[in-house]
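Me: I have a structure I'd like to go through with you. Can we take it piece by piece?

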Amino acid sequence: MDNVNEEMAKLLAPLTDSRRAHSIAVGRRMESVAEILPEHLREDAVTAAYLHDVGYAVPGLGFHPIDGARLLRSLGYSPVVCHLVAFHTASVVEAEVRGIDPEVFEEFEVENVAGLELADDFMWWADLSTGPSGQAFTVDERIDEILSRYEVGSIVYTAISRSAPLLRAAAQRAAGSM
């Protein structure tokens, strides 16, 4: 899956140019490490990485990880893809800051999938090591970049600040597997 397929391109088309470039770069970054994942998760992890931000272009809850996961589920994507999208990059922390009931995540929990925790870590790492227009960043650079775009006390600033230790730990676990 070296390139975005036609279906993915259609799903990414409504995104802004920079968000689309970010999503494609995250997908490519995941492709570059997918062989480390258990074989049964590779394709789903790559697909989820390319499509992790499609929820920005979907009306719904107004929370892109859940909106994207719901869209993908409605289109027949696997429960693993939907899980990886719903839970990407400490979305549970941001939902808490936004006052969103944590029960919204329950529909995307999957059980007994060997290696899923590692796939989650790689998803977070791929997202966090890719800048807003697709450029390569370190995790710390990406966290700093996000914080620089939002005011202190805003939802995103607060969520990223609270989740930074979780984000760094996931990226470290992923890096330790490479």
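Me: Which backbone oxygen lies 2.7 Å from a polar atom of the side chain of T130?
Reply: The backbone oxygen of A126. That is a polar contact, a pair of N or O atoms within 3.5 Å in which, within protein, one must be able to donate a hydrogen and the other to accept it; residues adjacent in sequence count only if both atoms are side-chain atoms. This is a predicted model, where local features need pLDDT of at least 70, side-chain atom pairs count only at pLDDT 80 or more, and totals for chains, interfaces and linings use all residues. Residues are numbered from 1 along each chain as its sequence is written, and side-chain values use heavy atoms, with hydrogens and water left out.

Me: Where is T130 found?
Reply: In the loop between α7 (116-128) and α8 (139-149). Helices here are DSSP runs of H or I with at least four residues, numbered from the N terminus.

Me: Is T130 buried or exposed?
Reply: T130 counts as buried because its relative accessibility is 1%. Buried means under 20% relative accessible area, exposed over 50%, and partly exposed in between, with a 1.4 Å probe and protein chains only.

Me: And what is T130 in contact with, leaving aside neighbours within four places in sequence?
Reply: H22, A25, V26, R29, Q135, F137 and R142. Contact means heavy atoms within 4.5 Å.

Me: What about S133, which contacts does it have on that basis?
Reply: S18, A21 and H22. S133 lies in the loop between α7 and α8 and is partly exposed, since its relative accessible area is 43%.

Me: Changing topic. Which residues lie nearest the centre of the largest pocket?
Reply: R19, Y56, H64, E94 and R142, out of 30 lining residues. A pocket is an open set of points on a 1 Å grid over the protein atoms alone, where a 1.4 Å probe fits, with protein on both sides within 12 Å along at least five of seven lines; lining residues have an atom within 4 Å of a point.

Me: Which helix gives the most to that lining?
Reply: α9, with 4 residues. Helices that each supply at least two include α2 (17-33), α4 (64-74) and α6 (91-98).

Me: Is N112 buried or exposed?
Reply: N112 counts as exposed, because its relative accessibility is 80%. T89 is buried, with 15% relative accessible area.
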